[in-house]
Amino acid sequence: MPGAHAVSTFVERFAAAVDAHSQELTELDSAIGDADHGINLQRGMRAAVERLPENGAPPAAILKAVASALISKTGGASGPLYGTAFLRASQAVAGCDVLEPRDVARMFRAALDGIHERGKAEPGDKTMVDAFTPAVDALEAGVARGDDLRTALSAAAEAASAGSDATIPLVARKGRASYLGERSREHRDPGSRSAALLFAAAAEALAE
Amino acid sequence: MSRTAVVVVSHSKQLAVGVRELALQMARGSNSVWAVGGTDDGGIGTSAHAIHGALVEALEHCDEAVVLMDLGSAHLNTEIAIEMLEDSLQRRVSMADAPLVEGAILAVVSAAGDAGSAEVRARAEDARQMNKIM
């Protein structure tokens with residue numbers, strides 16, 4: 001079962017993926033947004049890694065530190081959205097030292113609920129919600145079937161990636177891209193791409 | 001100081017300061033307008049911490065505060081800034097769903113006339129119905 005170490009590794013893997021894909025995220029955002037998603041999330045996640053608590057802190061404290069770093073350092077809409085996601089995730093696993101599969105599912109559901117409440121985006125609006133929603137659905141379905149975490153999180157990561165692909169033909173109804181109307185079609189939503197990176201990092205780090 | 005503070009939140013510090021300047025032309029002598037914009041390191045964006053700081057300061061001087069915002073994350077970070085306030089202060093803040101420039105002018109004029117926050121917010125939101133070209 002993943003504990004504090006795995007949760008820290010998840011944060012570090014997500015930060016490393018954002019670093020590696022920073023230019024790609026910014027290019028996606030320059031096509032249909034304000035060209036800052038990669039650089040903003042990179043700044044936020046670098047701050048998050050710097051602020052990871054010392055060994056011995058429980059998963060909830062780690063996730064809360066990430067939330068605080070993202071909210072204070074990110075700048076664009078991804079700061080309050082991912083910040084709220086990590087804050088709700090932290091609250092969902094308060095008191096847990098190790099995370100059972102159902103805890104992991106509850107944690108990501110709470111994160112999605114937080115994003116939904118903060119941003120008010122629905123599936124199909126061409127946002128991070130389009131990757132996050134199928135990922136959480138797949139994770140919950142796997143856990144409910146009794147799959148081990150490796151299987152359930154791999155399915156979640158694949159669903160997030162497919163959900164991101166599915167944003168390409170959509171017209172944006174939320175976020176900066178919605179100002180482009182029809183011109184937002186045929187571009188991948190950058191937030192959906194970073195959400196897919198998040199679930200890939202979770203599948204690598206939390207599956208042990 | 002008026003009863004109601006007006007807090008202008010923009011992605012751009014210059015835009016926030018400019019909107020305050022423009023609005024104050026219509027309410028000379030008002031000292032109840034705060035302008036906050038940009039990220040903590042001076043870039044384009046919004047900062048929940050900076051907005052929180054402006055709200056705390058505004059509520060030290062005025063009974064209530066109405067916030068006007070420009071785009072996307074300005075609203076999201078204002079919500080977070082409000083949630084960061086103590087409960088007793090949270091109740092004294094509201095957000096106006098209004099165009100920034102016209103809304104700020106209507107809000108500042110109304111606040112300078114010593115209106116409460118519900119009226120200031122309603123006046124700001126009237127800007128949505130205004131025609132620029134008749």
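**Two chains, question by question**

Reader: Is A:Glu186 buried or exposed?
Author: This is a predicted model. Count the neighbours within 10 Å: 12 or fewer makes a residue exposed. A:Glu186 has 12 C-beta neighbours inside 10 Å, so the residue counts as exposed.

Reader: Where does A:Glu186 lie?
Author: Start with the backbone: phi of A:Glu186 is near 70°, a positive value in a residue other than glycine. Now place the residue along the chain. A:Glu186 lies in the loop between α8 (149-165) and α9 of chain A.

Reader: What is the phi of A:Ala35?
Author: A:Ala35 is found in the loop between α2 and α3 of chain A. The residue is partly exposed, with 17 other C-beta atoms within 10 Å. A:Ala35 is not a glycine, yet its phi is positive, at about 60°.

Reader: How far does helix α1 of chain A reach from its first C-alpha to its last?
Author: The helix covers residues 4-20, which is 17 residues. At 1.5 Å a residue, the expected span is 24 Å. The reach in the model is close to that value: 24 Å.

Reader: Which helices do the buried residues of α1(A) pack against?
Author: First, find the buried residues. Among them are A:Phe10, A:Val11, A:Phe14 and A:Val18. The buried residues of this helix pack against four helices of chain A: α2 (22-32), α3 (37-50), α4 (59-73) and α9 (190-205).

Reader: Which residues does B:Val6 touch?
Author: B:Val6 is one of the residues that touch the most other core members. Leave out residues up to four places away in sequence. The contacts of B:Val6 are then B:Ser32, B:Val33, B:Val66, B:Leu68, B:Ala104, B:Ala107, B:Val108, B:Ala111 and B:Val120.

Reader: Which strands stand at the edges of the sheet in chain B?
Author: The sheet is open, with 4 strands paired in parallel in the order β2-β1-β3-β4. An edge strand has a single partner, so one side of it is left without a neighbour in the sheet. In chain B, the strands at the edges are β2 (33-37) and β4 (93-96).

Reader: At about what angle does α6 of chain B run to β3(B)?
Author: Take another helix for contrast: α1 (residues 13-24) of chain B lies across β1 (4-10) and β2, at about 160° to β2(B). Helix α6 (residues 117-126) lies across β1, β3 and β4 of chain B. Its angle to β3(B) is about 20°.

Reader: Which element gives the most to the side of chain B that touches chain A?
Author: The contact takes 12 residues from chain B and 12 residues from chain A. On the chain B side, α2 (48-61) and α3 (72-84) each give two or more residues. The element that gives the most, with 6 residues, is α3(B).

Reader: Which residues does B:Leu71 touch?
Author: B:Leu71 sits in the loop between β3 and α3 of chain B. With 15 other C-beta atoms within 10 Å, B:Leu71 is partly exposed. Residues up to four places away in sequence do not count, which leaves A:Arg176 and B:His11.

Technical notes
Residues are numbered from 1 along each chain as its sequence is written. Chains are lettered from A and ligands numbered from 1 in the order in which they are written. This is a predicted model: local features need pLDDT of at least 70, side-chain atom pairs count only at pLDDT 80 or more; totals for chains, interfaces and linings use all residues. The expected span of a helix is 1.5 Å times one less than its number of residues. A residue is buried if 20 or more other C-beta atoms lie within 10 Å of its own, exposed if 12 or fewer, and partly exposed in between; C-beta atoms are placed from the backbone. Two residues are in contact if their C-beta atoms, placed from the backbone, lie within 7 Å. A nonpolar core is a set of buried Ala, Val, Leu, Ile, Met, Phe, Trp, Tyr and Cys residues joined through C-beta atoms within 7 Å. Two strands pair if DSSP finds at least two bridges between them. Axes are lines fitted to C-alpha atoms, for helices over the stretch in contact, and angles run from 0 to 180 degrees between N-to-C directions.
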